[in-house]
Amino acid sequence: MTDFHDLVVPETVVSGATAGSKKQLFQQLADLSAQAYGLNADEVYDRLNERERLGSTGFGNGIAIPHAKIPGLAHVCGLVLRLESPIAFDSVDEVPVDIVFSLLSPADSGAEHLKMLARVSRYLRSGQNAARIRGAGSSEALHALLVGDEARDAA
């Protein structure tokens, strides 16, 4: 079982989020990061967009892992959104995205950043894990699933 308790907090896990575009999604991620982690929302938004211009972070099957390096950040932070309605994301398979697991890393975290991306990617490539995320009936249930709290997941 994968446990993301070190990456996400309840405030950054949202089931049933709405965004009409990638830009709206990035703004929502930036706002959540400001509220939960005290980051500058404008900087997070800009960094996510900069990274996305290098190539889409949508890796297929309705899943995206937008990520960015943020100066001054002490450790890798995660944000997870399950979108109510999928959005176009320029993914490799052209399937609209409804699962977003965003990673924000310290600016100097080369190896750690790559390890976390690989960890999240491995988890999300499992059709079973993606189905569980899509089936989470609430933000609380989704958070419980991601941090390995089976008792709450069953609720």
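How many residues does helix H3 have, and how far does H3 reach from its first C-alpha to its last? Helix H3 covers residues 110-125, has 16 residues and reaches 23 Å. That is close to the 22 Å expected at 1.5 Å a residue. The model is predicted.

**Fold and elements**
- The protein chain has six helices and six strands.
- Read from the N terminus, the order is β-α-α-β-β-β-β-β-α-α-α-α.

**Overall dimensions**
- A compact globule of 155 residues would have a radius of gyration near 15 Å, so the 14 Å of the protein chain agrees with that rule.
- Along the principal axes, the C-alpha atoms fill a box of roughly 40 × 35 × 25 Å.

**Burial, contacts and surface**
- Of the 155 residues in the protein chain, 49% are buried.
- Among contacts with a separation of 6 or more, 72% join residues 24 or more positions apart.
- The accessible surface comes to about 7,300 Å². Carbon and sulfur atoms hold 49% of that surface.

**Charges**
- The protein chain carries 14 positive and 20 negative charges.

**Helix H3 and its neighbors**
- The buried residues of H3 are His 113, Met 116, Leu 117, Arg 119, Val 120, Ser 121, Tyr 123 and Leu 124.
- On the strand side, these buried residues pack against E2 (58-60), E3 (63-64), E4 (67-70) and E6 (97-106).

How values were computed. Residues numbered from 1 in each chain as written. Predicted model: local features only at pLDDT ≥ 70, side-chain atom pairs only at ≥ 80, totals over all residues. Heavy atoms only, no water. Helix = DSSP H or I, 4+ residues; strand = E, 2+ residues; numbered from the N terminus. Rg over C-alpha atoms; globule rule 2.2 N^0.38 Å. Buried < 20%, exposed > 50% of the residue type's maximum accessible area, 1.4 Å probe, protein only. Contact = heavy atoms within 4.5 Å. Areas by Shrake-Rupley, 256 points an atom, 1.4 Å probe, with all protein chains shown as cover. Lys, Arg positive; Asp, Glu negative; His and termini not counted. Charge placed at Lys NZ, Arg CZ, Asp CG, Glu CD. Expected span 1.5 Å × (residues − 1).
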